[in-house]
Amino acid sequence: MKTVTIVGAGLGGLTLARVLHVHGIPVEVYEAEASPDARAQGGMLDIHDYNGQLAIEAAGLREVFRAIVLEGRQAMRALSEDGTLLFEKADDGQGGRPEAQRADLRRMLLDALPAGTVNWGAKVTGARGLGEGRHEVAFADGRTLVTELLVGADGAWSRIRPLLSAATPEYAGTSFVETYLHEADTRHPGAAKAVGGGMMFVPAPDRGITAHRERGDTLHAYISLTRPLDWFDRIDFTDSAAATARVAAEFEGWAPEITALITDSDTPPVLRPHFALPDGHRWQRTPGVTLIGDAAHLQVPNGEGANWAMCDGAELAGALAAHPDDLEAGLEAYEQAMFTRMSQADDVMNEHLEEAFGEDMPKSLRALMPESRQDD
């Protein structure tokens, strides 16, 4: 079996690498970050029983995963702008969306790979076809490599995608501003009480706040605003105090325990604009190369991105293992199944959200429900 070259050591790329390893298929991963700890890996992820958990099963890591789940974090509550409780659902341990820290998930996958599988500090700058399914990958330090089986798992601004598609992500009209409150129960008791033990959201037509309780008494919040990019361009996010004040002004009149998630942040506010590929993005089969995760089907954050990326990785590995003597057949089988699956993804998500939130949520509130956190 040819060595599979994966660009990107996010959750999708690492799931692909792990499941390939389970099947005895050689794999190398190239990642731009200098080390596994080069940057923070984001916050909480709810791993769904119809995609992300299936990938973990394929990776043979179910028990390891259960050990990193943060119990109680599936609790949900919705508040009105004045702080009135509109809806609450406790975590009874029966939900299908257990929560774990993204960093713990990444470490779980890294620890399940042979040492040296991931090449750190290997920033890819581009790739070109050489014919007959072979591709040359170029790195920022001037190195190149030639591979006969290349997978782009390198996210929204993929350097591998242009081999297959001319599509580029476009701004989707919404952005998050990300904040953190540390030692919340003692230093930010009002916000801590409002958030509760799991996820809290305050929906409104063109703005909203979602927060989650993470490990270590930390509240992680996403301030959602439907605004054009030039609106955010007029905010100097290098001036934390001014940026905080400008964002908070959009929530004037909201309850102080809610706006504290903006004004009392222990970290500078970070802008997270949302970009997406065209709906139904797909490409013609090109020998020797394919895409997974956001490189293939970037969407506005909806709680599914990491889950579908992991699912992509597991399904691609399974398809390659099922066609050891015809890798093109494996790539074709993966892509067609993935295109079909992603065309139905919104319906699947909505069906499972109904199950997750239950029948008690008022329809008027459900219509305003946030699609997700950024951690996807």
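**Close-up views of a strand sheet and its salt bridges**

View 1. G129 stands opposite H135 in β9. In this predicted model, local features need pLDDT of at least 70 and side-chain atom pairs 80 or more, while totals for chains, interfaces and linings use all residues. Residues are numbered from 1 along each chain as its sequence is written, and side-chain values use heavy atoms, without hydrogens and water. Strand β9 covers residues 134–139 and runs antiparallel to β8, to which it is joined by 6 bridges; two strands count as paired from at least two DSSP bridges. The open sheet in this view has 3 strands, which are arranged in the order β8-β9-β10 with antiparallel pairing. Its edge strands are β8, residues 124–131, and β10, residues 144–147, each of which pairs on one side only. Strands (E, at least two residues) and helices (H or I, at least four) are DSSP runs, numbered from the N terminus.

**View 2. E148 and K2 join distant parts of the chain.** The side chains of E148 and K2 meet in a salt bridge, with 3.3 Å from N to O. E148 lies in the loop between β10 and β11 (150–152), whereas K2 lies in the segment before β1 (4–7), so that the pair spans 146 residues of the chain; E148 is partly exposed at 40% relative accessible area, and K2 is also partly exposed, at 39%. A salt bridge is a side-chain nitrogen of Lys or Arg within 4 Å of a carboxyl oxygen of Asp or Glu, and the structure holds 22 salt bridges.

**View 3. D141 pairs with R143.** In the salt bridge between D141 and R143, the closest N and O atoms are 2.8 Å apart. D141 counts as exposed, with 51% relative accessibility, whereas R143 counts as partly exposed at 39%. Buried means under 20%, exposed over 50%, and partly exposed in between (1.4 Å probe, protein chains only).

**View 4. D185 in a helix meets R213 in a strand.** D185 and R213 form a salt bridge whose closest N and O atoms are 3.4 Å apart. This pair also links distant parts of the chain, with D185 in helix α5 (residues 184–187) and R213 in strand β14 (residues 207–214), 28 residues apart. D185 is partly exposed, with a relative accessible area of 43%, but R213 is buried at 11%.

**View 5. Several charged residues form a network.** Salt bridges link D206, R207, R227, R246 and E250 in a network.
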